[in-house]
Amino acid sequence: MQLGMVGLGKMGGNMARRLIRGGHEVIGYDPRKEAVDALIEENGEGAYTLEELVEKLEVPRSVWIMVPAGEITRDTIASLKDLMRSGDTLIDGGNSLYKESIVHAEGLAEGGIHFIDVGTSGGIWGLAEGYSMMVGGEAEVVERHRSLFEVLAPGADQGWGHVGPAGAGHFVKMIHNGIEYGMMQAYAEGFAILRAKKDFGLDLHQIAEVWRYGSVVRSWLLDLTARALEDDQELSDIKGYVPDSGEGRWTVFESIDLDVPAPIITLSLQQRFRSRIEEAYVDKMLAALRNQFGGHAVKRKSSEG
């Protein structure tokens, strides 16, 4: 199958390479010329503008975009809407908010353009291991693109599925990432407690390796934990600053809208916020209040000069 790919960053580029190796014809576009050149070296075909990409594709066209969620995705879809025609298909494989994906599907449908939203998991390991894909859209249109999902997935019938109408793919991926937040936080807290028990002299990497086999807490995240601890258990070169890409907070918002309690996911998101504060005002206020009502000592910054 022929496919246009917009966005050849780490994930998009690797997806394009996996498709090429699986026998698909990929024409790729990226604002960075070097990314397009790299795809050509991998036996793909390059395009240096969106217009050129669309012109090179056979009708009906299929274009898969892998760009950051939000404004860039909205702008890319708007540009492609003007270039594509009735019967074409646009696939958003990024981490868009599912509500925006529903809007995109409705807007594209006005011009007869089909829309598929694909929640994609696999990160930098996807090229070798395959991607997990949660697919939303019209059943007939999804089926027409089955060969793409079968090549990108870990197996033809593993790791991907049509989960519902447009928006459903990104909704399921959003919840997936919320769960991921909680799992990561639990591993981080557990290993922090192990590290704090100095009198046992615990080898954290060894423990991670023991847990990887047969344990009820084994997972790919634990595999990555072991890998991270292998060379430096103190993680001395890493700053404890944890961003969030949006899906965790969207999951929390959804839990509130649906009246579904989600304390673990919510607290794991809050911990990420806390990681970004070098000197939290809330802690200063707590110390000040203890001093005010109970006369408890406070630690003060040493005077300058």
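## Ground rules

Residues are numbered from 1 along each chain as its sequence is written, and side-chain values use heavy atoms, with hydrogens and water left out. Since this is a predicted model, local features need pLDDT of at least 70 and side-chain atom pairs count only at pLDDT 80 or more, while totals for chains, interfaces and linings use all residues.

## The cores

Let's start inside. A nonpolar core here is a set of buried Ala, Val, Leu, Ile, Met, Phe, Trp, Tyr and Cys residues joined through side-chain atoms within 4.5 Å; buried means under 20% relative accessible area, exposed over 50%, and partly exposed in between (1.4 Å probe, protein chains only). The largest core has 27 residues, and Met-5, Trp-64, Met-133 and Phe-149 touch the most other members. Elements giving two or more residues to this core include β1 (2-6), α1 (10-21) and α8 (146-152); helices (H or I, at least four residues) and strands (E, at least two) are DSSP runs, numbered from the N terminus. A second, separate core holds 19 residues, among them Tyr-29, Val-67, Met-84 and Phe-115.

What does Trp-64 touch, not counting residues up to four places away in sequence? Its contacts (heavy atoms within 4.5 Å) include Met-5, Met-15, Ile-91, Met-133 and Phe-149.

Strand β4 (residues 62-65) is covered on both faces: Ser-62 and Trp-64 are buried on one side, Val-63 and Ile-65 on the other. Strands count as paired if DSSP finds at least two bridges between them. β1 and β4 run parallel, joined by 3 bridges, with Val-6 partnering Ile-65. β4 also pairs in the parallel sense with β5 (residues 89-92), over 4 bridges, and there Trp-64 stands opposite Ile-91. From β4 the chain crosses through helix α4 (residues 71-83) to β5 in a right-handed β-α-β crossover (with the strands pointing away from the viewer, the path from the first strand over the helix to the second runs clockwise).

## Rings

There are 4 aromatic pairs in the structure. Rings of Phe, Tyr and Trp (its six-membered ring) pair if their centres lie within 6.5 Å; planes under 30 degrees apart are stacked, over 60 edge-to-face, and the rest tilted. Tyr-98 and Phe-171 sit edge-to-face, 4.9 Å centre to centre with 80 degrees between the planes. Tyr-98 is in helix α5 and Phe-171 in helix α9, so the pair ties together parts 73 residues apart in sequence. Tyr-98 counts as buried at 13% relative accessibility, whereas Phe-171, at 25%, counts as partly exposed. Elsewhere, ring pairs link Trp-64, Phe-149 and Trp-160 into a cluster.
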